[in-house]
Amino acid sequence: MHFVKMHGLGNDFVLVNALEEKLPGDLAELARRVCHRRFGIGADGLILVLPSVRADLRMRIFNPDGSEPEMCGNGIRCFARYAYEAGLVRGPVIQVETLAGIIKPRLILKDGKVAGVRVDMGEPRLERSQIPMAGEGSPVLDEPVTVAGTTWRGTCVSMGNPHCVFFVADVEEAPVTTVGPAVENHPLFPQRTNVEFIEVLNPGELKMRVWERGAGETMACGTGACAAAVAGALTGRSNREVTVHLAAGDLQIEWSKDNNHVYMTGPAVEVFRGDFPLSED
């Protein structure tokens, strides 16, 4: 199976052109094998490029544990760059079918090369039932979430996938690897959730660490950065246009007043190409 390894700010993916490659039936098991950082290629997710009757192409993504999330912000930027450079689309605007609906990345071209990708992520979903989240009352702003005897205040948003955002004084000291998995699997979230820890540097800058559903702590999360920006604006902590600082770089997030859509701009980088044996013999 031929693959391309890419990353968006260190959030790394194995991309496979399923228009050409013949894949095994158990895609969850394939993802577990491919994403393993000791016995596979190593990645935060496996992305498949597929045909679509509703859009230019369809994207499916599988987490390292084999689960299939609705969307991935960093992943779709990589998907868009790959599809353009492979000649699968003309660009600069691409329509991509995902489990979260049709997402529209726009390639930022400089001298004919991809310098970045701006993605229309659509409208944030603030109704509790749409996140989805148990309980009553919407939107979910600074709501108590108790784990291991400690109560945190979470603001919850869906960007096509669920997010619980905690604002903290110092993100470097945040207990991401202990509180993150506890909240991911909390009974409040019937489909589990991504968990963001956000330090507000000023109204235009946020610093973020993230525990991703099905992947653990990753270096970046595009939908998480969007959710953090929405949560910051909803609670009056930040502006509707912010720079989100992640371990390997920045994402620019804008929650437009004009159409209520969230726009994410950031890089997508190819790392290497190779072939992966589908048989373990």
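Residues are numbered from 1 along each chain as its sequence is written, and side-chain values use heavy atoms, without hydrogens or water. Because the model is predicted, local features need pLDDT of at least 70 and side-chain atom pairs pLDDT 80 or more, while totals for chains, interfaces and linings use all residues.

Let's start with Val-14, which sits in strand β2 (residues 11-17); strands are DSSP runs of E with at least two residues, helices runs of H or I with at least four, both numbered from the N terminus. Val-14 is buried, at 0% relative accessibility (buried means under 20% relative accessible area, with a 1.4 Å probe and protein chains only). Leaving out residues up to four places away in sequence, its contacts (heavy atoms within 4.5 Å) include Phe-3, Val-34, Ile-41 and Leu-46.

On to the cores, meaning sets of buried Ala, Val, Leu, Ile, Met, Phe, Trp, Tyr and Cys residues joined through side-chain atoms within 4.5 Å. The largest has 54 residues, and Met-121, Met-208, Val-244, Ile-253 and Val-262 touch the most other members. Helix α4 (residues 222-234) gives this core its largest share, seven residues. Beyond four places in sequence, Val-244 touches Met-208 and Ile-253, as well as Asp-250, among others. A separate core of 20 residues includes Val-140, Cys-156, Val-171 and Leu-188.

Finally, there's Glu-184, in helix α3 (residues 176-184). Glu-184 is buried too, with a relative accessible area of 5%. Among the residues it touches beyond four places in sequence are Arg-192, Trp-211 and Arg-213.

Notes:
Buried < 20%, exposed > 50% of the residue type's maximum accessible area, 1.4 Å probe, protein only.
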